[in-house]
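Please review the following briefing on the ligand sites of one protein model.

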Amino acid sequence: MIYKDQLDKSRIPAHIAIIMDGNGRWAKQRGQARSFGHQAGAETVHIIAEEAAQLGVKYLTLYTFSTENWKRPAEEVSALMALLMDSIEEETLMKNNIRFRIIGEMDKLPQDVAERLRQCITRTSANTGMYLVLALSYSSKWELTEAVKRIAEEIQEGKLAIGDITDKTIDRHLATSFMPDPDLLIRTGGEIRLSNYLLWQCAYSELYFCDTYWPDFKAEELCKAIYDYQQRERRFGKTSEQLLKR
Ligand code: IPE
Ligand code: IPE
Ligand code: MG
């Protein structure tokens, strides 16, 4: 079956979040260094971003480097940072009308990388198509801790009353405040866990796990995940009967 042909174009998830996992194992299978897998993974990013934009996805949030990934061997971290520098293709972003954004601790990144990313954010800011968001030096626990600090500050300064805090207050203080919550979360590479990614935002996301290593996850696999998503009924606590009545 060609999944792309089977998609309901009127029900494309607005926000897809992806945990791009399996680069290292993909390389190992080929007797290569892990960085070879990361290079191949960077190509997949371009393919998937382009496909998602063409399908009409509005937000694509890619887990690129977690807070915990700083614990990897120094050579791997620097190879990943160098790869990041090399892989940002403004031309492809412009051609696809994509807006580029980052969530995560930008200050922790090497200065040249942060500078390059900021440049790309600025240059694509007038585009009107899909947001391509890289989660870099990102983790949910970091993000929520920062949100709590800022909310506490606002209370201390008298700008916010404790009684007025709602879930929307928390949404507004997260790095993802400019996006709706993910409709679909995909994790490649076979692990069935969230690894500190968008924990608050994925409260009602549909989850899709596949064994394919990220470098092998191509456009048709994305379509397969979306097709799978379209077969599900999102009830948000209601009953099926209630949904049918609408
Ligand atoms: C995902 O692939 C990329 C990053 C976390 C940066 P991995 O590097 O985790 O690959 P595996 O899981 O070891 O195969
Ligand atoms: C999650 O992958 C982080 C990214 C994809 C950037 P990891 O490979 O680091 O996850 P764990 O540690 O195996 O859960
Ligand atoms: Mg991994």
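The points below treat the pocket, then each ligand in turn.

This is a predicted model, in which local features need pLDDT of at least 70, side-chain atom pairs count only at pLDDT 80 or more, and totals for chains, interfaces and linings use all residues. Residues are numbered from 1 along each chain as its sequence is written, chains are lettered from A and ligands numbered from 1 in the order in which they are written, and side-chain values use heavy atoms, with hydrogens and water left out.

**The largest pocket**

- A pocket is an open set of points on a 1 Å grid over the protein atoms alone, where a 1.4 Å probe fits, with protein on both sides within 12 Å along at least five of seven lines.
- The largest pocket holds about 910 Å³ of space, a volume being the space filled by probe spheres set on the points, which are joined across faces, edges and corners.
- Its lining (residues with an atom within 4 Å of a point) comprises 42 residues, and Met20, Asn23, Tyr63, Thr64 and Phe65 lie nearest the centre.
- Two or more lining residues come from each of H2, H3, E2, helix H4 (74-87), helix H5 (90-95) and strand E4 (131-138); helices (H or I, at least four residues) and strands (E, at least two) are DSSP runs, numbered from the N terminus.
- H3 provides the largest share of the lining, 8 residues.
- By class, the lining has 19 nonpolar, 13 polar and 10 charged residues; Ala, Val, Leu, Ile, Met, Phe, Trp, Tyr, Cys and Pro count as nonpolar, Asp, Glu, Lys and Arg as charged, and the others, Gly among them, as polar.

**Ligand 1**

- The shell around ligand 1 (residues with a heavy atom within 4 Å) includes Met20, Asp21, Gly22, Asn23, Arg72 and Leu80.
- Helix H2 (23-29) and helix H3 (34-55) each supply at least two residues of this shell, and H2 gives the largest share, 3 residues.
- The shell of ligand 1 divides into 2 nonpolar, 6 polar and 4 charged residues.
- Polar contacts (pairs of N or O atoms within 3.5 Å) reach oxygen atoms of ligand 1 from a side-chain atom of Arg72 at 2.7 Å, a side-chain atom of Asp21 at 2.8 Å and a backbone N or O atom of Gly22 at 3.4 Å.
- Taken alone, ligand 1 exposes 380 Å², of which the protein buries 87%; accessible areas come from the Shrake-Rupley method with a 1.4 Å probe.

**Ligand 2**

- Residues around ligand 2 include Ile19, Tyr63, Phe65, Arg187, Arg193 and Ser195.
- Strand E2 (residues 59-66) contributes the most to the shell of ligand 2, with 4 residues.
- That shell holds 4 nonpolar, 4 polar and 4 charged residues.
- Taken alone, ligand 2 exposes 390 Å², and the protein buries 78% of that.

Conventions
Polar contact = N/O pair within 3.5 Å; in protein donor to acceptor, adjacent residues only side chain to side chain.
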